[in-house]
Amino acid sequence: VRLVVLVSGSGTNLQALIDAAADPATDTPYEIVAVGADRGGIEGLSRAERAGIPTYTCRVKDFATRGEWDAALAEATAAHAPDLVVSAGFMKVVGPGFLARFGGRFLNTHPALLPSFPGAHGVRDALAYGAKVTGCTVHFVDDGVDTGPVIAQRAVEVREEDHTDEGAALHERIKEVERRLLVEVVGRIARDGYTFEGPNRRRVRLGH
Ligand code: GRF
């Protein structure tokens, strides 16, 4: 299965996917064929380069409209013919053009237990609310913000001392769990595809 990963930051989730793919002991039937970003100069891109993975960057400010950016991102992504696209700390909401092409095979990882605390500040919002348990969610991307079908979740307990550093330590504990969950889910979907349950039950198979 051909995988494209989208990043905006440190790329530790990307690194987990790279490491798992290189580890003969893990069952990871995917190949990371490219890494895309919405900004330059980030560690996520350096991680890809060190692993010898092609990269591309589409910056919103280089396009006249958000729609043009979305079309360019879709085009640049499609050029690598992915079966599956993963947003791993990609901090942009894609538009209808991208979803028309990759919907149903576009995953995101989010640092909270959706549908609680969607958006860019899932860790901080859970803390501010006073949640005692939060965690991470891997889900399909739809046209809302963190609203698509949930694939898998893991819980992480909030500690008293998490309130002293604006969620930095909590986010690190979530990310440890999140990286393992993402590798597990991507491996499973690459191997078995995915069945959407509910009234519109359908099965998605990738790269077969
Ligand atoms: C992850 O917690 C992701 O869910 C969130 O940002 C973090 C990205 O971390 N949106 P990294 O870039 O993979 O290290």
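Let's start where two helices touch: Leu14, Gln15 and Ile18 in H1 meet Gly44, Arg47 and Ala48 in H2, contact here requiring C-beta atoms, placed from the backbone, within 7 Å. By class, this contact has three nonpolar, two polar and one charged residues. The model is predicted, so local features need pLDDT of at least 70 and side-chain atom pairs count only at pLDDT 80 or more, while totals for chains, interfaces and linings use all residues. Residues are numbered from 1 along each chain as its sequence is written.

Helices are DSSP runs (H or I, at least four residues), as are strands (E, at least two), numbered from the N terminus. H1 covers residues 12-22 and H2 residues 43-50, and the two pack at about 15 degrees with axes 9 Å apart. H1 and H2 are therefore roughly parallel, a label for angles under 35 degrees.

Now to the annotated positions. An unreviewed UniProt entry lists Arg66 and Asn108 under "binding site"; such annotations may be inferred rather than shown by experiment. Arg66 belongs to helix H3, residues 66-78, and Asn108 to strand E5, residues 106-110.

Is each one buried or exposed? Arg66 counts as partly exposed because it has 13 C-beta neighbours inside 10 Å, whereas Asn108, with 25, counts as buried. The cut-offs are 20 or more other C-beta atoms within 10 Å for buried, 12 or fewer for exposed, and in between for partly exposed.

Leaving aside neighbours within four places in sequence, Arg66 is in contact with Val60 and Gly95.

Methods
Axes are lines fitted to C-alpha atoms, for helices over the stretch in contact, and angles run from 0 to 180 degrees between N-to-C directions. Angles under 35 degrees count as roughly parallel, over 145 as roughly antiparallel, 65 to 115 as roughly perpendicular and the rest as oblique. Ala, Val, Leu, Ile, Met, Phe, Trp, Tyr, Cys and Pro count as nonpolar, Asp, Glu, Lys and Arg as charged, and the others, Gly among them, as polar.
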